[in-house]
Each structure stands twice: as structure tokens, then as C-alpha cells.
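Let's learn to read a few features together, one question at a time.

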Amino acid sequence: MESESLRNLLGELSAFLLVLQFALFVFRRILIRSKNKSQGLVKFVKFLKPLHVYTGIALIIVALTHGILELNWMKIGTGWILWSGIVVAFILYLFRKKFGNTWVRYHRTLAFILIALLILHLIIQ
């Protein structure tokens, strides 16, 4: 596989993983606000929830690899800013016991910022 197609594949996989991370929040909100709980949606949320941490770790690794291949190590662009925010979201998760219940609010707020940064990254690239 040539270098450019590998970089593109890793970029697309990173974007997919970030959207998948955000999907858990979106679908849980839909489920909470829904009067008639769709069993399909309940199953989907139960499927996504345990994967959230693992897909987050995969996102960090895949996005880092994509960034290294795309921009070399030291060049800073929108992707590195986006990746740094992803790492901060993961650090919030790691220190969740120290932050108490407030960590979730910061984690979710950061998720919205990360989606906006992803859109910006995709437009600017």
C-alpha cells in the first residue's frame, strides 16, 4: 500500500472512530428523551457503551499514526490540535475519580469541541 493511501485510510478511520465516540452520547440522549424505548436503540447503546474506552484508545493510536505520516513529527496543524484535544478527553477519563462527577461535563463539552475541530480539519486540509 502506498504511503498516501495509507495516510488517507488512517485519516478516514480516525474520523470514523471520533464520530463513533460521539455517537454514544447522541444515541444515549435520544434514548433518555424518548418516550417509547426502541429495543434496537437500547441494544445499540448497550453495544457501544463497553466499546467506548477501547475505541478511544484506538482513536488516539490511529490518529497519532496518521498525523506522524501526514505532517511529519514536528509540524503543527489542525490535526495535531484535534489529536491533543482527544488526548485531553482521555486524560479526563483517566482522572475521573479525582474530578468526581464533574469530569463527565468536561468530557462531553470537549466532545462537541472535538467534532467542531474535526469539521474544521476536514475543511482546511
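Q: How are helix 2 and helix 3 oriented to each other: roughly parallel, roughly antiparallel, roughly perpendicular or oblique?

A: First, a note: this is a predicted model, where local features need pLDDT of at least 70, side-chain atom pairs count only at pLDDT 80 or more, and totals for chains, interfaces and linings use all residues. Residues are numbered from 1 along each chain as its sequence is written, and side-chain values use heavy atoms, leaving out hydrogens and water. Angles run from 0 to 180 degrees between N-to-C directions; under 35 degrees counts as roughly parallel, over 145 as roughly antiparallel, 65 to 115 as roughly perpendicular and the rest as oblique. Helix 2 (residues 39–71) and helix 3 (residues 78–94) pack at about 155°, with axes 10 Å apart, and are therefore roughly antiparallel.

Q: Which residues make the contact between helix 2 and helix 3?

A: Contact means heavy atoms within 4.5 Å. Helix 2 contributes residues including Val53, Ile57 and Leu64, and among those from helix 3 are Trp80, Trp83 and Phe90.

Q: Which residues of helix 5 are buried?

A: Buried means under 20% relative accessible area, exposed over 50%, and partly exposed in between (1.4 Å probe, protein chains only). In helix 5 (residues 102–124), the buried ones are Trp103, His107, Leu110, Leu114, Ile115, Leu118 and His121. An α-helix has 3.6 residues a turn, so residues three or four places apart point the same way. The cover over the buried residues of helix 5 includes helix 1 (3–33), helix 2, helix 3 and helix 4 (96–99).

Q: Is Phe47 buried or exposed?

A: Phe47, which lies in helix 2, is exposed, with a relative accessible area of 52%.

Methods. Helix = DSSP H or I, 4+ residues; strand = E, 2+ residues; numbered from the N terminus. Expected span 1.5 Å × (residues − 1).
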